[in-house]
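Have the sequence and the 3D structure open side by side. The paragraphs below go through a few places in the chain, one after another.

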Amino acid sequence: MMNKYRLFSLPKNSLLLRLLSGFLGIIVLLLSFNALSFSFFQTKIKNEIIHANQLNLSKTTDSYENHLQLIDNMLSSFFFDETVSAFKNNPSPIEYELYFRIRDKLNALLTNPLLHLNNILFYFQKPGVVVDASGFDNAGEAFSSRYVNMAYPPQFWEMQFLRDDRLRLLPAANFSSINPDRTKRSVGNLLPVVIKNKFEDFYIIAFLNADKLFQSFQVSDPSTFHMQDSDGALLYHYGSQGQQIEFAQEDLAKGYVKHGSDYAFVKTGAKTGITYVQSIPNGKIASEVARLNALLVVLLIVAIVAAVLISIILSIRFNTPIKAIIQSLNKMNPDIALGSNINEYVMIREKFQHLLQSNRDIHSDLTNKNKLLRNYGYITHLKSIYSDQKEMTKLTETKKPFYLVLFDLTYTQQFSHVLGIGQDRASYAIKELVALHLSEEFGEAVTLQVEKEQIVSLLFTDESIQQVWQALHTTLKPMFDFDKDYCVLTIAVYPEKTDMLGFPEAYEQTVDMLGQHKLTHETQIITAYEPQTMKYVFTAAEEQEFFTNLLAGNKKNAIALVRRILEHMRKRDLGAFHYKQFAVEVTTKAIKALISYNLDISAVLKHFSPEQHMKKAVSVEQYVEFFERLLTQTTDSIHLHKSVEDPIVTFVMNYLNANYDLDVTQESVADKLNISSGHLSAHFKEKTGTHFSDYLNDIRIANAKDMLKNTSFKIQEIAEKIGYQNVNSFIRMFKKGTGVTPGEFRRSIVAE
């Protein structure tokens, strides 16, 4: 007790008193500084919160502006697209080849979730036709049954041709579609964007998902948000619509105004002129200010109390060992206890450990985000997407060459029937599994999901390509073969190392390598590039026989012929690429046969998608099933249309097949039947779905193909043998019917 009393009754020059005085002096100085800082920052906190909301709105505005600019740039390119330019001269369902190309380009945009596109429509003025990725439609029907809203009747869209705007945003609205039973189905809250070119007689409508755009670009949680154009028209709103706020010029310059019980923040887009407004309740800002004020006060009090206690403890801890040392020196006793176990160092060490753990967490978070940014950089470089090239180079900057491995996933029909997960989740799980195994096998590896069913891996390794092949065969192939009933993998390995400069070209070639895979349930690894060329599976006679059976509605013969060709393809060990090309050829001819009789294609394909079926086919048997379904529906439809055999048509077909090499004319055949040429033309077209001259040309071209394949006759000789006296007419008609000249056709057969 006496020792404690003496401890606090020391002279002025004692170490303990000086330590305490120094600590308390620092505490008073810090207290004064904190008091001044508190009074200063109390007025600043509110301004900082307002500034933070302005920054949030600015970021939202930039996101909207950049996205609209991106949509404008991508869709404006269609005005200069060769396929669209060719199609616009005759926007008809008959131009299916041009339409398929346009549809593929539209699907490439619509399947990109980052664009938030619901649909893209081409509105052609003269025929009044609307074209999108789902097909053709009359403009009036499209806007009165598929995109229905009272504010946007068909007349509204027709009036857009009279406006001079190049780019115009229309107010978002809830669009509906009319089902066959006249019930309505909601399409969604869509923001229409009209893009025009004054030199073109069609314009483009992009329907953006307004709510998804808002969710993607909004970085804060405002009570209300709305967009309005330069005329003050409301384009989109979130929350209660209420009364639109009018901003004075000084408010626009300041960026916000206090409106009633809310703070309204405003910013105008530099590119589109759209005004973006979001409101934050004043109570929310006031509560944040009050909460921060309370937090500062509590922290200040805690800091003062802690500082005083720590000052006393540290002073005693510093003084006790020193006093003990002095006593040991005075008494010459080295065994005197110092009376301290240096707890301060333990506390410092614990604090340091806490800071170190925080640093590790931050570093881990930054590493994960850098990984995502790097993956984004690789995909941007891979897809050759325009971006800030300097910044993208920083993300993917590496001087190390790498092997490129591409994984293509084909989900079987059994997948959706048995497993209870979506293909998106399955693809992500496979990507993570591939990344794990390749990282364990090769160390540094980057694995990305570049498409919905396509994964690419970059292997930065010094091992040889043979070791890479061996690792894939021994590690990944057995693992994926285990689940081959649900998902079949094709793995293509670019045979040489490449770098970032050659990355896009190597990727394109590796994608082409995927087309070399065979029809099998096994995992395939493709290691060499073999250019794929179209193999003309039909002989000239088979092609004519097949199309004739289709036109006659002869299901049995048509299916038997296809089965025979498939068996021939199986024996030749052709790859899946050729089966798919053959399926496209058969599907095209089936559609052509239906169109010849003016039959509704959608009636045949309503519950049957050739594209989806071909995508999931992994065996010859599944292609057989595909062809049987397609040809059964096609021939049944034609058979219903043709009730009895027509004697005139039979005579004409037999005569043309026997005398195609002569100078046959419609008038000469009509004379043999003792009917007029006009009557023969109309009757033949009505019964067969094709014109007399087209049928004759088809027979001649089919026989020309056979001669080009199996004889060495010159092209002029072939022209004469099939009834063409002018070789230029023959070349022109051959290219019209096949898409290539006779010489190109023969060279492709030789190359095959």
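Helix α22 passes α25 in a right-handed crossing; a crossing is right-handed if the near helix is turned clockwise from the far one by less than a right angle, and left-handed if anticlockwise. Helices here are DSSP runs of H or I with at least four residues, strands are runs of E with at least two, and both are numbered from the N terminus. α22 covers residues 647-659 and α25 covers residues 692-710; their axes are 10 Å apart and meet at an angle of about 40°. An axis is a line fitted to C-alpha atoms, for helices over the stretch in contact, and the angle, from 0 to 180 degrees, is taken between N-to-C directions. On the α22 side the contact is made by V652, M653, L656 and N657, and on the α25 side by F692, Y695, L696 and I699. Contact means that heavy atoms lie within 4.5 Å. Sorted by class, this contact has seven nonpolar residues, one polar residue and no charged ones. In this sorting Ala, Val, Leu, Ile, Met, Phe, Trp, Tyr, Cys and Pro are nonpolar, Asp, Glu, Lys and Arg are charged, and the others, Gly among them, are polar.

The model is predicted: local features need pLDDT of at least 70 and side-chain atom pairs count only at pLDDT 80 or more, while totals for chains, interfaces and linings use all residues. Residues are numbered from 1 along each chain as its sequence is written, and side-chain values use heavy atoms, leaving out hydrogens and water.

Now the chain as a whole. There are 28 helices and 17 strands in the chain. Of its 752 residues, 40% count as buried, where buried means under 20% relative accessible area, exposed means over 50%, and partly exposed is in between (1.4 Å probe, protein chains only). Among contacts in the chain with a separation of 6 or more, 64% are between residues 24 or more positions apart.

Which residues of α23 are buried? They are Q666, V669 and A670. Seen down the axis of α23, these buried residues fall within an arc of 100°, so they line one face of the helix. The arc is that of the directions from the helix axis to the C-beta atoms. An α-helix has 3.6 residues a turn, so residues three or four places apart point the same way. The elements that cover the buried residues of α23 include α22, α24 and α25.

After α23 comes N674, with a positive phi near 60°. Most residues other than glycine have a negative phi. N674 lies in the loop between α23 (666-673) and α24 (677-688). At 73% relative accessibility, N674 counts as exposed. H116 also has a positive phi, of about 55°, although it is not a glycine. H116 sits in the loop between α4 and β1 (117-124). Is H116 buried or exposed? With a relative accessible area of 14%, H116 is buried.

Helix α4 itself covers residues 96-110. Its 15 residues should span 21 Å at 1.5 Å a residue, and its end C-alpha atoms are 20 Å apart, which agrees. The expected span is 1.5 Å times one less than the number of residues. L98, Y99, I102, R103, L106 and L109 are the buried residues of α4. They cover an arc of only 135° around the axis, which puts them on the same side of α4.

Helix α18 (residues 576-596) has 21 residues and reaches 30 Å from its first C-alpha to its last, close to the 30 Å expected. Just after α18, N598 has a positive phi of about 55°. A590 is located in α18, and at 1% relative accessibility A590 counts as buried. Apart from its neighbours within four places in sequence, A590 is in contact with L550, L630 and T634. The C-alpha atoms of A590 and L551 are 9.0 Å apart, although 39 residues separate the two along the chain.

A last stop is A233, in the loop between β8 (224-228) and β9 (234-238). A233 is partly exposed, with a relative accessible area of 31%. Leaving aside neighbours within four places in sequence, A233 is in contact with M227 and Q228.
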